[in-house]
Amino acid sequence: MDLIRRMTSRYTSFHDTKQKSQAFKVSVFSVKPEPQENEPKPQYDPQHPMHAEFPFIPDRARVIIKDCLRGNLEGTLYDENTAKKKAILMSNTIKNEVKQLNFSRYKYVCTVLIGEKKRQDLALSRKVLQSSEDDGYAEYVYENGSLVAHGVIVAFYCE
């Protein structure tokens with residue numbers, strides 16, 4: 001009750017300085033009842049599902065990557081001037097086509113790497129912190145006589 005008196009006295013003293021003739025008291029407060037000792041705490045349901053309703057299927061995404069890489073690179077020679085543009089274009093195409101599969105509540109990261117095929121080895125690695133239950137990835141490697149291309153899409157479930 002002491003808190004209510006302090007709140008109303010501050011409010012009225014503030015308004016008394018502005019308009020002395022129209023001073024009034026207002027008390028606005030809410031009281032939360034104390035929980036009883038034996039009373040169970042309320043359990044709240046989450047507003048959205050914690051796991052994917054339509055989970056990411058890597059095989060369907062792998063087919064999209066395979067078709068995109070083969071369709072754009074089959075029969076072409078490596079050209080360093082156009083490789084970057086092609087990689088960006090294919091990456092966006094793959095990401096947009098996977099989005100159309102309507103996996104629920106997923107965010108995607110897609111990369112395409114195009115390199116010249118000479119007498120060298122290629123080692124790729126990726127570090128991703130992901131949930132083994134909901135997140136996933138798909139990849140495909142395409143090779144022809146003059147180039148090698150590696151396409152990856154990683155799907156992250158947003159809780």
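**Entry 1: helix 2 against helix 3**

I looked up the handedness of the crossing of helix 2 and helix 3 in this predicted model, and the crossing is right-handed. I then looked up the geometry, because two packed helices are described by the angle between their axes and the distance between the axes. The axes of helix 2 and helix 3 cross at roughly 150° and come within 10 Å.

Next I listed the residues that meet. From helix 2, I noted Ala61, Ile64, Ile65, Cys68, Leu69, Asn72 and Leu73; they meet Lys86, Met90, Thr93, Ile94, Glu97 and Val98 of helix 3. Sorted by class, this contact has nine nonpolar, two polar and two charged residues.

**Entry 2: the nonpolar core**

Which residues have the most contacts inside the largest nonpolar core? I found Phe56, Leu69, Ile94, Val98 and Ile153, in a core of 27 residues. I checked where the core residues come from: helix 2 (58-73), helix 3 (80-99), strand 1 (106-116), strand 2 (136-143) and strand 3 (147-157) each supply at least two. Helix 2 gives the largest share, six residues.

**Entry 3: Asn102**

I located Asn102 in the loop between helix 3 and strand 1. Is Asn102 buried or exposed? I noted a relative accessible area of 56% for Asn102, and the cut-off for exposed is over 50%, so Asn102 counts as exposed. I also looked up Asn102 against Pro55: these two are 47 residues apart along the chain, and their C-alpha atoms are separated by 9.4 Å.

**Entry 4: the chain as a whole**

I counted three helices and three strands. From the N terminus on, I read the order of elements as α-α-α-β-β-β. The chain has 159 residues, and buried residues make up 26% of them. I took the contacts between residues at least 6 apart in sequence and found that 71% of these join residues at least 24 apart.

**Entry 5: confidence**

I looked up pLDDT last. The chain averages 81, and 74% of the residues score at least 70. Where is confidence lowest, and where is it highest? I found it lowest in helix 1 (residues 2-18), at a mean of 51, and highest in helix 2, at 96. Where pLDDT is low, the predicted coordinates should not be read in detail.

Terms used
Residues numbered from 1 in each chain as written. Predicted model: local features only at pLDDT ≥ 70, side-chain atom pairs only at ≥ 80, totals over all residues. Heavy atoms only, no water. Core = buried A, V, L, I, M, F, W, Y, C linked by side-chain atoms within 4.5 Å. Buried < 20%, exposed > 50% of the residue type's maximum accessible area, 1.4 Å probe, protein only. Helix = DSSP H or I, 4+ residues; strand = E, 2+ residues; numbered from the N terminus. Axes fitted to C-alpha atoms, helices over the stretch in contact; angles between N-to-C directions. Left-handed = near helix turned anticlockwise from the far one by under 90°. Contact = heavy atoms within 4.5 Å. Nonpolar A, V, L, I, M, F, W, Y, C, P; charged D, E, K, R; others polar. pLDDT = per-residue confidence, 0-100.
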